[in-house]
Amino acid sequence: MDVIIIGGGLGGLCAALDLGRRGHAVTLVERRQYPFHRVCGEYVSNEVLPYLRRLGADPAALTPARITRFQVSSPAGELLNAPLDLGGFGISRYVLDEFLYHRVLAAGVTVLHATVADVEFDPATDTHAVLLADGRSLPARVVIGTYGKRSALDRQLERPFFTQRSPYLGVKYHLRYPDMPRDLIALHNFADGYAGISAIEDDKFCFCYLTTRRNVKAHGTIPQLEANVLARNPHLRHILETAEVLYPQPEVINEISFAPKTCLERHALLAGDAAGLITPLCGNGMAMAIHGASLAATHTDGFLRGHLSRPQLEAAYTTAWQAHFGQRLRVGRAVQRLFGQPLLSELAVSGLRRWPRAVRALMRRTHGAEF
């Protein structure tokens, strides 16, 4: 096997499609059956469109929402509005991942629905072995890890962030909410968190928020948290009181870590959230996962064709990853410190309303160019 890709999210699916179309033997390992929901903001910057079109996966076929404006509110409801220079589109992961999955199969990629237990590397043969939970061992010349924010595999790889408890959790709903324009993505702050809402396909909206375990524990349940804390923001209160929730229980994910990570572990290339998670308020994680897949596929192709040695592959990928994403992640962590605390959030929104050039500059530093 040329390549094994661990994790079938956006990064894994795009890397598999890219390498499969280049003629390599690729196996994608994903434990869940498509389609399924993920906790995700479901907004994608238009920077990825040229690449998706080159892969034969133009999302226009899915009739996504076209998003051109951005809005942020303080906990008290003060609003800041700005245009999105490049713009983006809104599409659910439920729809987008399945769309890419079928294109991956058409490209001749093998998809295994299994759980990865560990990854080993043998320097004597310059190959990997991917160990599955059912006891199978899969050999590969290259392993690409695109398995998301946090996995038991991170423990096996002894990644430092895994032992550091993170206070953050994410909650996601799909809604019907006719009171909001479909070309707008909005970010609404509340005490100890912030919520994003934007349109997706079929006249639906994605409503997703980040908060802390402490916030949930203080109020007992997620519904009580929403009624007692989120609803203090008048914009969130209107959403909570008037929107139609489209599934009975929200999707929830715990232990979301924004700690710095590495993009290389045991000679495996890591991409997407496995390599570094941008804060959701910057709204660009999906585009970064797709761009990371492009970088990993391009450098892997060079290695498989004999143009790069293993050390050259790893050095070139690390350099490219840092060049494209290092600053975005640092800016995202800095911006996050301005929000979540009511006083700081009020000051940040009030100040940025008077300094629109700063708003545009922050957006440029957390988004990339078309590729």
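Which residues in H1 meet which residues in H3? In this predicted model, the H1 side of the contact consists of Leu10, Leu13, Cys14, Ala16 and Leu17. Facing them in H3 are Arg93, Leu96, Asp97, Leu100, Tyr101, Arg103 and Val104. Sorted by class, the residues of the contact of H1 with H3 are nine nonpolar, no polar and three charged.

Two packed helices are described by the angle between their axes and the distance between the axes. For helix H1 (residues 10-21) and helix H3 (residues 93-106), the angle is about 20° and the axes are 9 Å apart. Angles under 35 degrees count as roughly parallel, and H1 and H3 are therefore roughly parallel to each other. Their crossing is left-handed.

Helix H1 also holds glycine 12. Is this glycine buried or exposed? Glycine 12 counts as buried because its relative accessibility is 0%. Leaving aside residues up to four places away in sequence, glycine 12 touches Ile5, Gly7, Leu28 and Thr146. Between glycine 12 and alanine 106 there are 15 Å in space, C-alpha to C-alpha, and the two are 94 residues apart in sequence.

The largest nonpolar core has 74 residues, and within it Ile6 and Ile290 touch the most other members. Helix H8 (residues 285-304) gives the most to this core, contributing 11 residues. Apart from this core lies another, of 24 residues, with Tyr177, Tyr209, Ile222 and Ala243 among them. Isoleucine 290 touches Leu10, Cys14, Val44, Val48, Tyr51, Leu52 and Phe371, again without counting residues up to four places away in sequence.

The crossing of H8 with H9 is right-handed. From H8, the contact draws on Met288, His291, Gly292, Leu295, Ala296, His299, Thr300 and Phe303. From H9 come Arg310, Leu313, Ala316, Tyr317, Ala320, Trp321, His324, Phe325, Arg328 and Leu329. The contact of H8 with H9 has 11 nonpolar, five polar and two charged residues.

How values were computed:
Residues numbered from 1 in each chain as written. Predicted model: local features only at pLDDT ≥ 70, side-chain atom pairs only at ≥ 80, totals over all residues. Heavy atoms only, no water. Core = buried A, V, L, I, M, F, W, Y, C linked by side-chain atoms within 4.5 Å. Buried < 20%, exposed > 50% of the residue type's maximum accessible area, 1.4 Å probe, protein only. Helix = DSSP H or I, 4+ residues; strand = E, 2+ residues; numbered from the N terminus. Contact = heavy atoms within 4.5 Å. Axes fitted to C-alpha atoms, helices over the stretch in contact; angles between N-to-C directions. Parallel < 35°, antiparallel > 145°, perpendicular 65-115°, else oblique. Left-handed = near helix turned anticlockwise from the far one by under 90°. Nonpolar A, V, L, I, M, F, W, Y, C, P; charged D, E, K, R; others polar.
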